[in-house]
Amino acid sequence: MSSAQENREDGVPPDRGIEEVDGGDSAGSTSGRQESETCLGTNEIKSRAVVKYSAAPPPTTYALLQEKTDLKLPPANWLRESPQLGPAGSTVLGSSSKSKPFSSFGMAYDFIDSIGDDVDVVSDSENIKKLLKIPYSKSHVSMAVHRVGRTLLLDELDIQELFMRSSQTGDWTWLKEFYQRLIDQKWQRKKKSKEHWYQKAILSKFLYYSINGDGAAEPVPDSDNPEERDDECGAEEFGPSWPATFTNTASDSEESAAHKEESAPLDSKYALGQVASKEQNLATLFNEGENSQGLRNDFVRNILWTFEDIHMLVGSNMPIFGGGRYPAVSLRLRDNNKPINILTGIDYWLDNLMCNVPELVMCFHVNGIVQKYEMIKTEDIPDLENSTFSTRVVKDIAQNILSFLKSNCTKEGHTYWLFKASGSDIVKLYDLTTLCEEAAEEKCQNPFTLPVAVLLYKVASNMMLKKIQNRKHYGTIRTLLLNCVKLLDQDRHPQIIASAHYMLAELFQLDEPPEEGVGGDSLPAGGSEDSYSDDEEDPEDLPEDSDENGCCGTTSDPQDDSKAVAIIKSVGELSVPEKYKSTHQIRPIYAFPVSQDKEERCRHVLSYVLKGLKAVDGSIKKESDLPAADPNTPIPLKYEDGSKDVEKGMALLLDRAGPFQEDLKHPTRSGMIPGSWQHRMKQQLFFKASKAYYVLSDAATNLRKYGRALRYIKLALQCHDAYCSVSSVLHPRVLMFHSQCLSLCGDIQLMLAQNASNRAAYLEEYSYQTKEDQELLHSLHRESSCQAFNMATDLATDPEYQLFVSSKCYEAAHELLTSRAVKEHGPEQLAQVLKRLGNIRNEIGVFYMNQAAAMQTEKEGTLGARKSNGLKKAVSVAEQEMWKKSFSCFEKGMKDFEAIKDSTNTSLLLCNTGRLMRICAQAHCAVSDDQSRGEFSPEEALYYNKAIDYYLRAMRSLATRENHPAVWDSVNWELSTTYFTLATLLQDYAPLSRKAQEQIEREVTEAMLKSLKYCDLQTESARQPLYQYRAATIHHRLASMYHSCFRNQVGDEHLRKQHRSLAELHYTKAARLFVSLKDAPCELLRTLLERVAFVEFTMAGQSSSGAKLKTLTGALDILMETHHAFLLVRKELLEEQTASPETPDSGADSPTSLGLNRKEVMQLIGVFEPSFSFLMLQLVKLMTGMKRKPSNKDEDLLKTYKNVYSKLLRAEKTAPLLSRVDLFLDLLQQLIQQTGSGDHGASS
């Protein structure tokens, strides 16, 4: 639209008149859809028209008839089909004198995008004119009103034609009785006068005279004659074509519906898709058959007309010609003896506004003889003599009528009747749907029911296609579909009902969270899901006479208005500006119930799916008895059989996934014909149900309700099984979803195996089933036995079997994702399945490894109870079988993780394999005939070295600690432990029968140092104290080994010195580490005592007193370091007394506490006390026998040594442990103070 045209929208000055427009904008130049718009404005009103569709040829110049032309004589081309005139010229004695009763529905079907939101009114132009002339006319008004969203559909409701039909068929008798009782008690059909038919004939002949040439155009029944504005109704024999009401028998309707609906083309997304588009035959959807042609859009042009702020989709058949000052004019015939009245003026003016015609050409005649022509601008029509009217008043009338209708026609699917009796000033609005329901006759006699339902469906379907763009329409879509379903009989229209329920299910997004602002959680109080209301207003804001919208009347009969929904008491009120509040911005009074709860959303989906399935099942030939479970299908009891079942099922699925499979040719189990609408709809519903149950199962899994999760995934797989049974070829997306179901099933079985302690609760959850689930399963069984995945979804009691089932589910999912049909579609999903597959194989490997360890523990207990005849405990076949199974699972798991380059999990499996090797090593340890541990065997060494290899591979897989610190630390610990265990066993159970002592010592040293290498003493972690303890133990063991070598070595002094220095070095490090631990007093005490013994042993080879004294003094210094160890022991003893004051300290016979090993302490004291006494005695002897004169310090030392020795000799060996420890602490403290030697490890 040009800028000039845009400016004209607000009205143009009177002196400028109407701008010239292209004639194509008015009449349309070609047959087909087009959009052209023009703005016509005056100083009072705004009008804009967009031609959406035109079937008329370009307007040709009208023929100017000569004066005295006799219009009573027929022209040569009279009543021939003419594209220029369309149906207008053939209305006299033609096929129909009035528009079809469903004309607005035909337009709505063609311009479905505009319905429900963009357009306020859809109607024939004649109906619009009749409404706007109500305050000026005494004629009766009878119109049917329907609401779709914020759009109102207006159609002429010829009540007299209905009653004529009622007298013949017996239908609508309730309405006839209601009409006669409350509205017109003396009703009789009024007949047209001869003058009426005379005027129609003259007009028809005039139009044919006015065209140049003739052509061929299909006549479309309509009435464009302005002279009919005051007529009551058309001729009886040319009345509107009403669809038949539902009077056929049930069996006939089922057969007819099944036959016709199967032939209806289906959309790929929704089962009905674009139902009843202009190119399709509506008869395939309705039982009315040949009478349904009234639903077609037969107007010559469809115009989107904006009158002020009212948007209307108007159908018009007015002939438009060229000529005059403008390329488009309308042609009218007038009797020169009759002046133009206000009704005729409004008629002409509105026609020209609606059709973008800027000029009117009027031909005057007297008794059929042409007199003259007169040209009038459209904007001048309101000012014609004897026909003056205010355009502003007409605008007010339009706004008031629309507001009145929108305020009171609130329920979608209901048929409202706007009625004004002839000569009356009262306009009444009735709800025929409610009146019909109150009548005691058969339901669904309303002929508008089916067209309304289909329109609701089409609008919802159209919105569904755009739902991703604008989700705010979800509430509207749901309302439309629910009302559509309410209107239809399931036995007659199962296809629309099933498709509507499927779309309702599609509204709930199962795979994404609900967006904010889409809707609330529930319907507000007072809301109704099938109705709309105005925006809320305070009572104070309403006008004083706002009760005019209510049900009150002025007639003498109080019952007269009791049935009316609303009443306009006087048509004069329509001329009052804003008498009725504008309600154009209508909205649903409830929000789309999108719940944050996944289970609730899924339950909504399943409810709609079930209703859809019931509709489909009802349309298929009824089965007498549903087939039970297939008796030939064995119930898997052993996992070997179950494995075959799953593999067989996967093979069938993969066969269906082939790209070149033929469609099913034979009816399904329930009798469905492949390719029928029932077949396609069931596929969609089954798949939707499967997705809903999958989401439910996933949510239950997250809540750790594994019994419930298994039940839901079982239902999901049963739905999928039914889907597969009615599908010949499976789409890749279906196979990918199936792999998701199998993966989730594997997850659930794994969780059940890991949480065996809650099995009773899980069984209760698994056994529960809702009525809805049972009904849906009943529908599934019509197509399939649903047993293909029983093995995968059974709740077993054996954890091993559950782990096996879990692995089989993952393997099946993996096989699907690696098949040719799916391979390119799901690389991410494949990686997830491989990860799960690796994990379950690790779990099974660990399970078998633990089983082997348990067997070994049990065997050791058995062997401990009785003597063994052999030197080795034999490894059982069962143990070896467990090792093999475990090792095989670990190997497969590693391959899975390596395939997705998951180094972390690969290293974990390598770590577990290392642990398995250690278990194997432990099983091969030798046992002597006295039940003691034998020498370290070669088999043990072999498996320990294998374990070390796997741990090293695990570390190489991780590369650095930064990649995964926790896993790195775990592998590091296990590697250190393995080296330590190997060295300890070599040292404690040296294989002297096979190896030399020196070789064993080298191997022990090497293993100990490697273990020490992997002791991470620097990193702060939970394992740091363990590493410190292990490092201290390693140093202690190495020191003990070198101590032993030093004692036993003879001859090689160099080697003895080396051993001596190494022993001293490791004793020192061990003591330092044990001191730092602060919770290992026994180990510290033992280390120090061994070191004292080592020093004492070196003294044996010394001869001089000075050297001996120095050595003994060094030994005493080491012994004084035990002060710290005894402090720790005393602290723990005091803590024990505080915790258990009733238990007296009874020395060595008291029970061993958890924190302190009393027996070990007593043993160490048994070594400490003699060693302490020996040192004191030797020091006293040496210092007493010294030849040089002792110094004062020496004398003090000697005195102290004697005192300490004396107290040691007098100490009671049977005294309580705490007392003895206190004595030692006191004596050591005296020595420390006297010698000035610091307490190397003392701590408070």
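Tutor: Before we start, rings of Phe, Tyr and Trp count as a pair if their centres lie within 6.5 Å. Keep in mind that this is a predicted model.

Student: Okay, how many aromatic pairs does the structure hold?

Tutor: Go by the ring centres, with 6.5 Å as the cut-off. On that basis, the number of aromatic pairs in the structure is 26.

Student: Take Phe 307 and Trp 349: what kind of aromatic pair do they form?

Tutor: Their centres are 6.3 Å apart, and the planes make an angle of 75 degrees. Planes over 60 degrees apart count as edge-to-face. So the Phe 307 and Trp 349 pair is edge-to-face.

Student: How many residues apart in sequence are the parts that this pair ties together?

Tutor: Phe 307 belongs to strand E6 (residues 301-307), while Trp 349 is in helix H9 (residues 342-354). The pair therefore ties together parts whose separation in sequence is 42 residues.

Student: Are Tyr 694 and Phe 737 buried or exposed?

Tutor: These two form an edge-to-face pair, 5.6 Å centre to centre with 70 degrees between the planes. Tyr 694 sits in helix H17 (residues 677-702) and Phe 737 in helix H19 (residues 732-754), so the pair ties together parts 43 residues apart in sequence. As for accessibility, Tyr 694 and Phe 737 are both buried.

Student: Which residue has its charged end over the ring of Phe 1097?

Tutor: For an Arg, look at CZ, which has to be within 6 Å of the ring centre. Here the charged end is 4.7 Å from the centre of the Phe 1097 ring, and it belongs to Arg 1047.

Conventions: Residues numbered from 1 in each chain as written. Predicted model: local features only at pLDDT ≥ 70, side-chain atom pairs only at ≥ 80, totals over all residues. Heavy atoms only, no water. Phe/Tyr/Trp six-rings, centres within 6.5 Å; stacked < 30°, edge-to-face > 60°. Helix = DSSP H or I, 4+ residues; strand = E, 2+ residues; numbered from the N terminus. Buried < 20%, exposed > 50% of the residue type's maximum accessible area, 1.4 Å probe, protein only. Lys NZ or Arg CZ within 6 Å of the ring centre and 35° of its normal.
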